[in-house]
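Biologist: Before we discuss this chain, please put the model up. I would like to go through it by question and answer.

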Amino acid sequence: MKKCVIVIALLLSGIGANAQSISHIEATGSWYYVYDQDGKKTNTLSSSIGELQGFCSSFFIVKSGSWYYIYNAKGKKTQTLSVASVGKILSVSGDTFTSQSGSWIYTWNKEGKKIGTRAAQR
């Protein structure tokens, strides 16, 4: 039984090791080229998806019209948020991003859930 648990743990750790991680997104002409932690191009997306607002290792955000779209490292759209509810994207880092709307700063997770609110410094 103990050997079975060890084998399962090793298999699961191997799955996590193959997860894609964004190291760079290059905007060239009509395309976004997404590169992984090894410098290999993993995705090519049309720039018609919107204007890149920011990225980190696990997701990126684009703005198109009145909408923000969150994409995962594999280039799949995972969430849609309205610009009116989010405000202006300030930064993307770790598994979160921050935005400002009026005199408020919001922190969001990569699933688009608001996880913090504070007053902006004047």
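**Ser-58 and its surroundings**

Modeller: Ser-58, leaving aside neighbours within four places in sequence, is in contact with Ile-22, Tyr-71, Asn-72, Ala-73, Gly-94, Asp-95 and Lys-110; contact means heavy atoms within 4.5 Å. This is a predicted model, in which local features need pLDDT of at least 70 and side-chain atom pairs count only at pLDDT 80 or more, while totals for chains, interfaces and linings use all residues. Residues are numbered from 1 along each chain as its sequence is written, and side-chain values use heavy atoms, with hydrogens and water left out.

Biologist: Does Ser-58 count as buried or exposed?

Modeller: Ser-58 lies in the loop between strand 4 (51–55) and strand 5 (59–64). Buried means under 20% relative accessible area, exposed over 50%, and partly exposed in between, with a 1.4 Å probe and protein chains only. Ser-58 has 16% relative accessibility, so this residue counts as buried.

Biologist: Which side chain joins that of Ser-58 in a polar contact of 2.9 Å?

Modeller: A polar contact is a pair of N or O atoms within 3.5 Å; within protein, one must be able to donate a hydrogen and the other to accept it, and residues adjacent in sequence count only if both atoms are side-chain atoms. The contacts of Ser-58 include Gly-94, Asp-95 and Lys-110. The side chain in the 2.9 Å polar contact is that of Asp-95.

Biologist: With which residue does Lys-110 form a salt bridge?

Modeller: The structure holds 1 salt bridge, defined as a side-chain nitrogen of Lys or Arg within 4 Å of a carboxyl oxygen of Asp or Glu. The pair links distant parts of the chain, 15 residues apart: Lys-110 is in the loop between strand 10 (104–109) and strand 11 (114–119), and its partner is in the loop between strand 8 (88–93) and strand 9 (96–101). The closest N and O atoms are 3.9 Å apart, and the partner is Asp-95.

**Sheets**

Biologist: What is the order of the open sheet of 4 strands?

Modeller: Helices (H or I, at least four residues) and strands (E, at least two) are DSSP runs numbered from the N terminus, and two strands pair if DSSP finds at least two bridges between them. Strand 4 and strand 5 run antiparallel and are joined by 4 bridges, with Glu-51 opposite Lys-63. The antiparallel sheet has the order 4-5-6-7.

Biologist: Which residue takes a positive phi near 85° in the hairpin of strand 6 and strand 7?

Modeller: Across this strand pair, Ile-70 has Gln-79 as its bridge partner in strand 7. The hairpin has 4 residues between the strands, and the one with positive phi is Gly-75.

Biologist: In strand 3, which residue is the bridge partner of Trp-31?

Modeller: Three strands form another open sheet, antiparallel, in the order 1-2-3. Strand 2 (residues 31–36) and strand 3 pair over 5 bridges. The bridge partner of Trp-31 is Ser-46.
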